[in-house]
Amino acid sequence: MLSTIVYVSRSIKLMDSDELAEILNVARSFNSANDITGLLLYKDQSFIQVIEGDIKTLEALYARINDDDRHFRIRTLVKEPISERKFPDWSMGFQNINKIDINSLPGFSQFMSPEFSQDNLEMHANRVTELLYYFRARS
């Protein structure tokens, strides 16, 4: 069954361009081989990621993501079946939004700021999804 998972997490430290490139290269290789698509956003130690694919493959990948010690406070915001992919051509799109003035972007919220508490982030799932779709449309 075709499904999607959207989650947020915090990296244990600020990641530089080389570290982010390594994550992206590994993700793209794995995702291409396993028919997974999606997008990863990074800002100030915060990740937002959407992944799409067969539910069993996604669950196995998500278990690996949860075991990755480079990040913590992983919160699942969306996990649901979908009728079609929103990122069909992207083995893994990526945007480091540290260099973008995102305060005026549709769907922007302080949830990607270090000071924001993720305790009730599930209430913001629609805004997170809107932000992901915004970057898809701009690429």
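Is R73 buried, partly exposed or exposed? I looked up R73 and found that it counts as partly exposed, at 39% relative accessibility. For this class I used the following limits: buried is under 20% relative accessible area, exposed is over 50%, and partly exposed lies in between, with a 1.4 Å probe and protein chains only.

**Basis of the entries**

I worked on a predicted model, in which local features need pLDDT of at least 70 and side-chain atom pairs count only at pLDDT 80 or more, while totals for chains, interfaces and linings use all residues. Residues are numbered from 1 along each chain as its sequence is written, and side-chain values use heavy atoms, with hydrogens and water left out.

**Entry: positive phi angles**

I noted that R73 is not a glycine and yet has a positive phi of about 50°. R73 is found in strand β4. Helices (H or I, at least four residues) and strands (E, at least two) are taken as DSSP runs, numbered from the N terminus.

I then turned to D44, which is also not a glycine and has a positive phi of about 45°. D44 lies in the loop between β2 and β3. Its relative accessible area is 22%, so D44 is partly exposed.

**Entry: strand β3 and its partners**

I followed the pairing around β3, where two strands pair if DSSP finds at least two bridges between them. Strand β2 (residues 37-43) is joined to β3 by 7 bridges, and the two run antiparallel. Within this pairing, L39 stands opposite V50 in β3. I recorded β2 and β3 as a hairpin with 2 residues between them, D44 being in the turn.

Strand β1 (residues 2-11) is joined to β3 by 9 bridges, again antiparallel. I listed two positions here: R10 has S46 as its bridge partner in β3, and V8 stands opposite I48 in β3.

How many of the 9 residues of β3 are buried? I found 8, so β3 is largely enclosed by the rest of the structure.

**Entry: strand β1**

I checked β1 in the same way. In β1, 9 of the 10 residues are buried, so this strand is largely enclosed by the rest of the structure. V8 lies in β1 and is buried, with a relative accessible area of 2%. I also took the distance between the C-alpha atoms of V8 and L40: they are separated by 9.7 Å, and the residues are 32 apart along the chain.

β1 has pairing with strand β4 (residues 71-81) as well, through 8 bridges, and these two run antiparallel. I noted T76 in β4 as the bridge partner of Y7.

**Entry: aromatic rings**

Y7 lies in strand β1 and Y62 in helix α2, so the pair ties together parts that are 55 residues apart in sequence. I found Y7 buried at a relative accessible area of 4%, and Y62 buried at 11%.

I also recorded F87 with W90, whose ring centres are 5.6 Å apart and whose planes are at 45°, so this pair is tilted. F87 is buried, with a relative accessible area of 1%.

For charges I noted that the charged end of R64 sits over the ring of F30, 4.4 Å from its centre. The condition is that NZ of Lys or CZ of Arg is within 6 Å of the ring centre and within 35 degrees of the ring normal.

**Entry: the largest pocket**

I looked up the largest pocket, which has a volume of about 410 Å³. Of the 17 residues that line it, I23, A27, I65, D68 and R70 are the closest to its centre. The elements giving two or more residues to the lining are α1 (17-33), β3 (46-54) and α2 (55-67). A pocket is, on a 1 Å grid over the protein atoms alone, an open set of points where a 1.4 Å probe fits, with protein on both sides within 12 Å along at least five of seven lines; lining residues have an atom within 4 Å of a point. Grid points are joined across faces, edges and corners, and the volume is the space filled by probe spheres set on the points.

Which element gives the largest share of the lining? I found α1, with 6 residues. By class, I recorded 10 nonpolar, 3 polar and 4 charged residues in the lining; Ala, Val, Leu, Ile, Met, Phe, Trp, Tyr, Cys and Pro count as nonpolar, Asp, Glu, Lys and Arg as charged, and the others, Gly among them, as polar.

Technical notes: Phe/Tyr/Trp six-rings, centres within 6.5 Å; stacked < 30°, edge-to-face > 60°.
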